[in-house]
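Thanks for coming. Please have a look at it first.

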Amino acid sequence: MGGSVKMVEETLKLAYGENSDLIKDKRIAAVQALSGTGACRLFADFQKRFSPDSQIYIPVPTWSNHHNIWRDAHVPQRTFHYYHPETKGLDFASLMDDIKNAPNGSFFLLHACAHNPTGVDPTEEQWKEISYQMKVKGHFAFFDMAYQGFASGDPERDAKSIRIFLEDGHLIGCAQSYAKNMGLYGQRIGCLSVVCEDEKQAVAVKSQLQQLARPMYSNPPVHGALIVSTILVSRKIHDLEYYSAIIGSLFSQGMADRIIGMRTTLRENLEKLGSPLSWEHITKQIGMFCYSGMTPEQVDRLTNEFHIYMTRNGRISMAGVTTGNVGYLANAIHEVTK
Ligand code: PLP
């Protein structure tokens with residue numbers, strides 16, 4: 001039920017660090033999960049079973065499936081401030097107020113990096129303050145990390161939020177996914193981990209996670225786990241040219257840089273067209289998505305008049321923007337926003 005032990009071992013190192021004491025001390029309960037979604041759902045079910053009266057605090061906005069997941073697990077949802085529509089950045093003051101005002105010991109869902117849909121992440125300093133305040137309040141942080149390596153190109157840097165919480169002694173939960181960073185969407189490969197007080201508790205928690213998995217899907221698929229563990233183990237074997245070629249494209253700066261480059265080009269194009277609006281947020285945001293600030297009506301015009309498709313909240317998938325279409329996109333955005 002817990003899936004590939006090797007894959008889970010290697011996956012924990014990515015999130016918690018190669019030399020993590022938590023791993024050495026066997027304080028992390030972890031199972032292979034059905035990608036990021038499955039990891040979130042397994043945690044939500046675990047939360048409901050062992051903390052039946054608890055709620056989950058979810059950022060506004062968030063990946064829409066978060067609402068479905070915790071709803072179907074029958075965990076009541078509350079929200080906390082995150083995005084500020086006017087600044088198109090983080091509403092840090094309101095976020096901190098919400099953390100302070102939530103009942104002690106609340107559950108908070110945090111995006112570890114490359115927040116979906118806004119592309120707005122707290123700075124390192126802000127993460128430190130969030131972690132501190134959540135510790136004071138005894139809140140539990142559940143990190144959804146669907147894009148490790150996609151935000152900066154460096155999986156270590158993208159795990160910074162989690163590492164800050166660990167330094168502060170939090171017992172966190174974490175959902176990891178290989179759908180985007182390894183392009184394994186169809187394999188449903190990921191991991192759920194929960195940091196425990198000690199090894200004994202970790203054994204018990206893992207056993208309970210497996211009990212939840214058994215009647216739900218019995219056991220996770222093998223193929224994706226083999227791909228991931230083969231690649232992650234081979235990362236350390238430098239004389240295997242074939243593997244290093246794969247690794248070169250994994251979590252690589254190149255992949256993240258291409259998206260970052262497209263952000264710059266899109267913004268420059270809009271500015272060259274003489275758009276009176278500020279498009280600074282396009283380059284400030286991070287990860288796969290650009291939360292453009294366009295209205296649903298403007299998005300409808302892009303679809304109907306220009307055959308450009310995005311979610312109606314104005315979220316552009318930057319992975320779909322290329323040197324070949326960025327000019328066309330900028331022109332169309334300018335047309336519907338001027
Ligand atoms: N969490 C967030 C924030 C996401 O954006 C996504 C993917 O869209 C997921 C989880 C789910 O990813 P997976 O395909 O691994 O289930």
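A definition before anything else: a residue counts as buried here if 20 or more other C-beta atoms lie within 10 Å of its own, and as exposed if 12 or fewer do. What you see is a predicted model. By that cut-off, 44% of the 338 residues of the protein chain are buried.

Now the overall build. The protein chain has 15 helices and 11 strands. Its radius of gyration is 20 Å, close to the 20 Å from the globule rule for 338 residues, so the chain is as compact as a globular protein of that length. Along the principal axes, the C-alpha atoms fill a box of roughly 65 × 55 × 35 Å. If we take contacts between residues at least 6 apart in sequence, 74% of them join residues at least 24 apart.

Next, strand S1, residues 28-34. Seven of its seven residues are buried. Which strand does S1 pair with? Its partner is S9, residues 189-195; the two run antiparallel and are joined by seven bridges.

H3 itself is mostly covered, with 13 of its 16 residues buried. At 1.5 Å a residue, those 16 residues should span 22 Å, and the end C-alpha atoms are 23 Å apart, which agrees.

Although not a glycine, Ser35 has a positive phi of about 60°. Is Ser35 buried or exposed? It has 26 other C-beta atoms within 10 Å, so it is buried.

Lys26 is another non-glycine with a positive phi, about 55°. Lys26 sits in the loop between helix H2 (21-24) and S1. With 14 C-beta neighbours inside 10 Å, Lys26 counts as partly exposed.

Last, the cis peptide bonds. One runs from Val60 to Pro61, with omega near -5°, and Pro61 is in the loop between strand S2 (56-60) and helix H4 (64-72). Another runs from Asn116 to Pro117, with omega near 15°.

Conventions
Residues are numbered from 1 along each chain as its sequence is written. This is a predicted model: local features need pLDDT of at least 70, side-chain atom pairs count only at pLDDT 80 or more; totals for chains, interfaces and linings use all residues. Helices (H or I, at least four residues) and strands (E, at least two) are DSSP runs, numbered from the N terminus. The radius of gyration is taken over C-alpha atoms; the globule rule is 2.2 Å times the number of residues to the power 0.38. Two residues are in contact if their C-beta atoms, placed from the backbone, lie within 7 Å. Two strands pair if DSSP finds at least two bridges between them. The expected span of a helix is 1.5 Å times one less than its number of residues.
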